[in-house]
Amino acid sequence: MKIVDLKCAVIGKNPIVRIVTDQGLSGYGEVESYKPYLKPHILHFRDALIGEDPTLVERTMTRIRQRGAFKPWGAAVSAIEMALWDVAGKAAGLPVHRLLGGKVRDHVRVYNGSLRVPMAGYEPEHYAADAKRQMALPEGFTMIKQGIGFHSPMKREVPGFYYGNPGQSVFHGAMDSGLITERGLKHMVDCVAAMKEVLGDRVALALDCGPGWTVPDAIRFARAVEPYNLLWLEDLITGDYVPYVNADVYREVTRATSTPIHTGEQIYLRQNFKALIEGHAVNVVGPDPCDVGGIAELKWIAEYAHLHGILMAPHGTGNGLLGLAALVQVSATLPNNFIAFEYPSGNPSWWYDIVDGLPDPIVRDGLIEVWDRPGMGVEIDPERARPYLTDEDRAFFD
């Protein structure tokens, strides 16, 4: 089998990769919805892939892996990797999880980070109301994540929150930073208390915090919320689109508190997790398969983290329905340091009308049953998807 074409179309907001083979099989991968501008970057790899055997995933990836980088630039390589696995599974007549060593669990747990609505404000009562809303979702999530601090409008909407001026970036994922005031820290602790009053011990709570915190503020806050038994504090120091790791700084925070510390969504490749894992700089790592280099890369990191007693909770909020399928396949194979992955949703909602193969409902009691169809186990229906193609992408399914 040989690759005869590499195509990319932006469907809705997500760049979709299609690898076309000489045996009539196609494999698909998806880029996070925040990155429609990556289409030319993906197509840049076309000439490097033509003529390669897509079922030799690792050998094919060695041709392009070194051309990726930290979020967002590793997403092009990552989506191609997932499309290769999709082809390989279809060619073998096996689900991708079988090619990765086989599933060790029949259901994978997910936490909610994507089914959001605008909040009425950023006071404790607003956070409590949103926690109540999330508890009532039909997915029955047993874990939820909420944005707070620099990873929320709180930095602009709460008077006197920190000693700085929040920026207004034209890009997704702007980074603000500075020393948080005593009032700001107290406000966040009050918001956590209000959410936990609603959630109790029935639904676990994680906080998406930054990046942008100073070390003293991170330690003070992490210690202040220790009584609430949070799942983790995410991306306090670096994260999102920050193109470096700062493992030594994270380690200073992690060693100072019993509240679990989490990071990793922006990191590309296993080598850049090395210092975090070997130095026990965090308690939880959260690579995104759509940014880290793909699902095999994520599995390698999970295995290495497990050797060091570090937990795994993959990121995935904007990865769409094809990204959801990839997360299900790889998470089924991870060791028991796996907690849950961040549940991606279809956005816009018509994505659910053009993708076949997902269970209905997708999530029950916070869990997704792992399916056994070949490849990633889901397909875009070309006829139902065509109305959503732009003029320049009309030939995507040809």
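Visitor: How many cavities of 30 Å³ or more does the count come to?

Guide: This is a predicted model, in which local features need pLDDT of at least 70 and side-chain atom pairs count only at pLDDT 80 or more, while totals for chains, interfaces and linings use all residues. Residues are numbered from 1 along each chain as its sequence is written, and side-chain values use heavy atoms, with hydrogens and water left out. A cavity is a set of points, on a 1 Å grid over the protein atoms alone, where a 1.4 Å probe fits but cannot get out. The count comes to two cavities of 30 Å³ or more.

Visitor: What lines the largest cavity?

Guide: Lining residues have an atom within 4 Å of a point. The largest cavity, with a volume of about 60 Å³, is lined by Tyr28, Gly29, Glu30, Met82, Asp86, Leu322, Gly323, Ala326, Met376 and Val378. Strand S3 (26-30), helix H4 (74-92) and helix H14 (320-331) give two or more residues each to this lining. By class, the lining has six nonpolar, two polar and two charged residues.

Visitor: Which classes of residue line the second largest cavity?

Guide: Its lining has three nonpolar, one polar and five charged residues. The second largest cavity holds about 40 Å³ of space, and its lining includes Glu58, Arg65, Glu81, Arg270 and Glu297. The largest share of the lining, three residues, comes from H3.

Visitor: Is lysine 145 buried or exposed?

Guide: Buried means under 20% relative accessible area, and exposed over 50%, with partly exposed in between (1.4 Å probe, protein chains only). Lysine 145 counts as buried because its relative accessibility is 1%. Its place is in strand S5 (residues 143-147).

Visitor: Which side chains do polar contacts join to that of lysine 145?

Guide: A polar contact is a pair of N or O atoms within 3.5 Å; within protein, one must be able to donate a hydrogen and the other to accept it, and residues adjacent in sequence count only if both atoms are side-chain atoms. The side chain of lysine 145 is joined to that of glutamate 234 at 3.0 Å and to that of glutamate 342 at 3.3 Å.

Methods. Helix = DSSP H or I, 4+ residues; strand = E, 2+ residues; numbered from the N terminus. 1 Å grid on protein atoms, 1.4 Å probe; cavity = no way out; pocket = protein on both sides within 12 Å on 5 of 7 lines; lining within 4 Å. Points joined across faces, edges and corners; volume = space filled by probe spheres on them. Nonpolar A, V, L, I, M, F, W, Y, C, P; charged D, E, K, R; others polar.
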